[in-house]
Amino acid sequence: KVGSVAVEDQPDVSAVLSAYNQQGDPTMYEEYYSGLKHFIECSLDCHRAELSQLFYPLFVHMYLELVYNQHENEAKSFFEKFHGDQECYYQDDLRVLSSLTKKEHMKGNETMLDFRTSKFVLRISRDSYQLLKRHLQEKQNNQIWNIVQEHLYIDIFDGMPRSKQQIDAMVGSLAGEAKREANKSKVFFGLLKEPEIEVPLDDEDEEGENEEGKPKKKKPKKDSIGSKSKKQDPNAPPQNRIPLPELKDSDKLDKIMNMKETTKRVRLGPDCLPSICFYTFLNAYQGLTAVDVTDDVTDDSSLIAGGFADSTVRVWSVTPKKLRSVKQAADLSLIDKESDDVLERIMDEKTASELKILYGHSGPVYGASFSPDRNYLLSSSEDGTVRLWSLQTFTCLVGYKGHNYPVWDTQFSPYGYYFVSGGHDRVARLWATDHYQPLRIFAGHLADVNCTRFHPNSNYVATGSADRTVRLWDVLNGNCVRIFTGHKGPIHSLTFSPNGRFLATGATDGRVLLWDIGHGLMVGELKGHTDTVCSLRFSRDGEILASGSMDNTVRLWDAVKAFEDLETDDFTTATGHINLPENSQELLLGTYMTKSTPVVHLHFTRRNLVLAAGAYSP
Amino acid sequence: MESGKMAPPKNAPRDALVMAQILKDMGITEYEPRVINQMLEFAFRYVTTILDDAKIYSSHAKKPNVDADDVRLAIQCRADQSFTSPPPRDFLLDIARQKNQTPLPLIKPYAGPRLPPDRYCLTAPNYRLKSLIKKGPNQGRLVPRLSVGAVSSRPSTPTVVPATTAVQNVLINPSIIGPKNILITNMVSSQNMPNESNPLKRKHEDDDDNDTM
């Protein structure tokens, strides 16, 4: 049995590590492992796939135990003998493991420490588990049984054992799969109700979704998300679940414009693909590290921000309208505040230019995000800060310090005011622009948080991490409500569908995975890219999913078809068994190649034109 | 500056070949050639720092030779200083639990730009104009502590010009200050008397200033 350890108040690394006290004779480890291997290979076909899941965590834990107890030679030979048996998608981890040969190495490696302290989750059917237990509890295999109890969490389910294919789809993350109960809590994935706005009666007056039309004009009701009389969507969060900023007049005008644009929107589908307008950054010499594109008031989007490795953020205007900054205080006091075009007059014509450069960061800028009202720009950098820039004066307003390590991504909430950032310290933080400290800390990932996105209703945040899981967090109380495993590489892109029900994720393994948030299941897999998928976006009505990758292509997928016919019967939700159809080819609507330009960002304008951006890197 | 490339030529120094092998073992197959040089420089600097420290520790312990324990101690001490790693997971879970217990603050209506208190923003000038009217040999010395990006930042809403200690009349002793500084002081003094100089000219001076600083 493991000796008891006095745990001190401060999290002490050595206390954690000493759980690896000597469990057995080091020279026998190879025998134990071989014995287990032999047993599993001789077991029935139906159980073999499930039991094979044990190999990897056992291998790692036994190896780390040998290293910790300073049996270097045994550790090396153990590694040599068995590392080739592991699944191919664990190769990266094994490479890192091979460099840990001494006890001292372990202390510095946070990811390995986390791996050890968190239990690796395996999902095995009851039959297979009984088989395993019986075998391991025999005298000579007690050793492995101890390790299993200590470091693995076996989530047992009743039912048919899973096939290799089903298992392969779900495994791959650093902590095994997700426990069933991790994905059971209720998630309000519906959208918030649109506020009612009086649409001014002009000639192009068509009804958007939730408005009070001018009286006495009968408008055709659209059969969509809701008029005033419809009852609350049971899946939508209550309006005041989290405090949201109220609409200002300028926001209302935006919404009206939005609705007008919506009517002019092109309906996309397999026979009507969007046009793609690509913005190429030239002469960036691999220095382009972040891009964001914003919607403008009229027509198509008008500002592009690029974050660069030279610590600058550059903002371009891509319409003929140039960027102007507000006049100095002295001049502002001279203008007539009552005039109609006061918003034009406060702008200083002499500062008009197409490009504005924002200086302030002291490290490469890895994340950029425009605010929905286009007044602010956020940028996150390797220097550990997130900076808020004003797009009216083009100067920096606030620096939010909290992560002390590179911040890989940041995003404004769809309603403004809140923003989320995720970085190397393995947490994501929720901030509000008027608080200098974070409001929520989302801790739980085992490795860097690469990507953070808000749900369209602003009540949830999704984070994708280098530990190959995607987690969904509740903004209200910081709890992790969903864990999605299945990717075989660090996740670099995330996007929610416009109806809030689905999540698409892309990782370095080149696959795009589709998840149903309500049920917590994987519902689709899109294979096709050959390199990291670094940008994803759904079209405005959710019919098309666009994915951009480091393999210099943009691919369009049929989202409507991918999400229809979901099997969501009780068996599936209870056990998480999925049978993914191999339909990537049918869902692929088009592949568009660029000339040596990885596609870093994708954006659908209100009229469903695709804007893509990347830096030319021959 | 293309990515990717071949291993160093056969007649490269042995260290370079070893470094290339290490990179290969860690799975890095594409790298610019200068990466090897940078890694070697880093390795050299790190090792010499550690060994220097180890020598100090060993002489402190009055040992005749440097041994493995000294090196181990040196590595540990340096690791805490330079290669800090992010906090351990249970610590993060703890502070997260604490932070997540407080309810989300309500949002005040009609608040204009929602920014933290001024103390935490970067919107205030970060330099102070020192009065020159002072006895002593330091007459004529100005202390403009300018930093990049903060010189002429003003929030979008028109604010009162910051009420710093207004320098009414800046005395300049031309013999001490060079011509450039006269420009600065002119600019600076005019910032406190906004109606006097052309805003465009002032902005231009600012940019000019930043170049030389």
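Trainee: Which residues form one aromatic cluster?

Mentor: Tyr33(A), Phe55(A), Phe59(A), Tyr63(A), Phe78(A), Phe79(A) and Phe82(A). This is a predicted model: local features need pLDDT of at least 70, side-chain atom pairs need 80 or more, and totals for chains, interfaces and linings use all residues. Residues count from 1 along each chain, chains are lettered from A and ligands numbered from 1 as written, and side-chain values use heavy atoms, without hydrogens and water.

Trainee: Why is the aromatic pair of Phe59(A) and Phe78(A) called stacked?

Mentor: Rings of Phe, Tyr and Trp (its six-membered ring) pair if their centres lie within 6.5 Å; planes under 30 degrees apart are stacked, over 60 edge-to-face, the rest tilted. Here the centres are 5.5 Å apart and the planes 15 degrees. So the pair counts as stacked.

Trainee: What parts does the pair tie together?

Mentor: Phe59(A) lies in helix H4 (residues 55–68) of chain A and Phe78(A) in helix H5 (residues 72–82) of chain A, so the pair links parts 19 residues apart in sequence. Helices are DSSP runs (H or I, at least four residues), numbered from the N terminus.

Trainee: What makes up the contact of chain B and chain A?

Mentor: Contact means heavy atoms within 4.5 Å. By that rule, 50 residues come from chain B and 61 residues from chain A.

Note on methods. Helices (H or I, at least four residues) and strands (E, at least two) are DSSP runs, numbered from the N terminus.
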